Amino acid sequence: MEQIETLPKIDPPLPLIGAHTSTQGGLHNALLNGAAIGATTIQLFTNNQRQWESTKLHQAQLDKWHHTLEVTAIKKVMSHASYLINLGSNKADLLSKSREAFLKEIERCLALEISYLNFHPGAATGDSTLACLDRIVQSLLTIEPFFQPQTTLRLLIETTAGQGSTVGNSFEELAYIIDRVKTVVPIGVCIDTCHIFAAGYDIRTVDGWANTLAKFESIVGLNHLYALHVNDSIAPLGSRKDRHANLGNGEIGMESFKAMMRHPKLQTIPKYLETPNGATMWTKEIELLRSIY
């Protein structure tokens with residue numbers, strides 16, 4: 001009787017879950033710090049996020065980064081752009097500095113072969129929301145040459161909580177930007193769970209997620225969703241306050257994150273923790289998210 005060969009069981013790949021890790025001592029340390037907490041993906045700053053000055057990356061740094069990336073097998077690395085950048089500013093000097101700094105962010109991401117550059121869209125600072133959105137569009141259109149020939153880097157607009165005059169807290173505003181630049185530059189969205197909750201999108205339940213994603217699909221398109229910032233919220237629904245909490249310790253609650261991890265349209269999307277007390281909590285939170293996958 002012919003014996004049937006039994007094929008070895010292949011475990012499914014681990015979900016892409018990580019955190020915003022420290023680059024202290026060198027950019028490559030963000031990868032090592034990610035591996036140490038059990039992350040399969042990470043987010044990092046490629047430059048001091050609170051300074052305009054940009055540090056040039058030297059070949060030795062790049063070599064160490066690429067070697068560490070290979071050793072750790074970290075995937076879908078995301079850079080977070082400087083907090084100073086406002087691509088929709090109505091102040092000429094700030095807009096010029098923001099555009100220049102954003103170009104340098106892109107240059108570093110290309111050199112590091114990073115997958116995503118996440119950025120806050122901008123703030124109107126006294127001008128109309130529409131004028132701010134139009135300046136963001138124009139800012140993004142100016143960077144077309146950086147993506148010719150095509151690269152693997154994609155720019156991700158981060159959803160905002162709507163504090164002050166910031167834009168990007170509604171799916172309509174995201175769609176306004178994306179529809180005007182998507183044929184020119186690679187663009188997408190990073191949903192921050194704390195931010196959309198604070199902006200008024202109720203994701204506390206399975207049904208809440210279903211309704212929110214249905215709205216996103218009809219207004220923006222789920223094909224434009226590439227990443228998730230995973231944070232609970234200290235502030236309540238619709239508060240427009242950006243205040244992160246550890247998972248299950250805020251107003252969103254663990255039922256939301258269970259629904260998020262199990263939703264078929266979100267399971268393969270990279271997820272990045274930005275919760276407080278990172279050094280002591282991220283290992284536990286990564287394990288927690290993985291256990292409910």
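**Exercise 1.** Sort the lining of the largest pocket by residue class.

*Solution.* Start with the classes: the lining has 6 nonpolar, 10 polar and 2 charged residues. (Nonpolar is Ala, Val, Leu, Ile, Met, Phe, Trp, Tyr, Cys and Pro; charged is Asp, Glu, Lys and Arg; polar is the others, Gly among them.) Next, the volume is about 290 Å³. Of the 18 lining residues, H120, G122, A123, T160 and T166 are the closest to the centre of this pocket.

A pocket is an open set of points on a 1 Å grid over the protein atoms alone, with protein on both sides within 12 Å along at least five of seven lines; a cavity is a set where a 1.4 Å probe fits but cannot get out; lining residues have an atom within 4 Å of a point. Points are joined across faces, edges and corners, and a volume is the space filled by probe spheres set on them.

This is a predicted model, where local features need pLDDT of at least 70 and side-chain atom pairs pLDDT 80 or more, while totals for chains, interfaces and linings use all residues. Residues are numbered from 1 along each chain as its sequence is written, and side-chain values use heavy atoms, leaving out hydrogens and water.

**Exercise 2.** Find which helix gives the most to the lining of the second largest pocket.

*Solution.* List the lining: S54, T55, K56, L57, L62, K104, E107, R108 and A111. Helix α3 (residues 92-112; a DSSP run of H or I, at least four residues) leads with 4 residues. This pocket's volume is about 150 Å³.

**Exercise 3.** How many cavities of 30 Å³ or more are there?

*Solution.* The search finds 1, and the largest cavity holds about 70 Å³. Its lining includes W52 and E105.

Key:
Helices (H or I, at least four residues) and strands (E, at least two) are DSSP runs, numbered from the N terminus.
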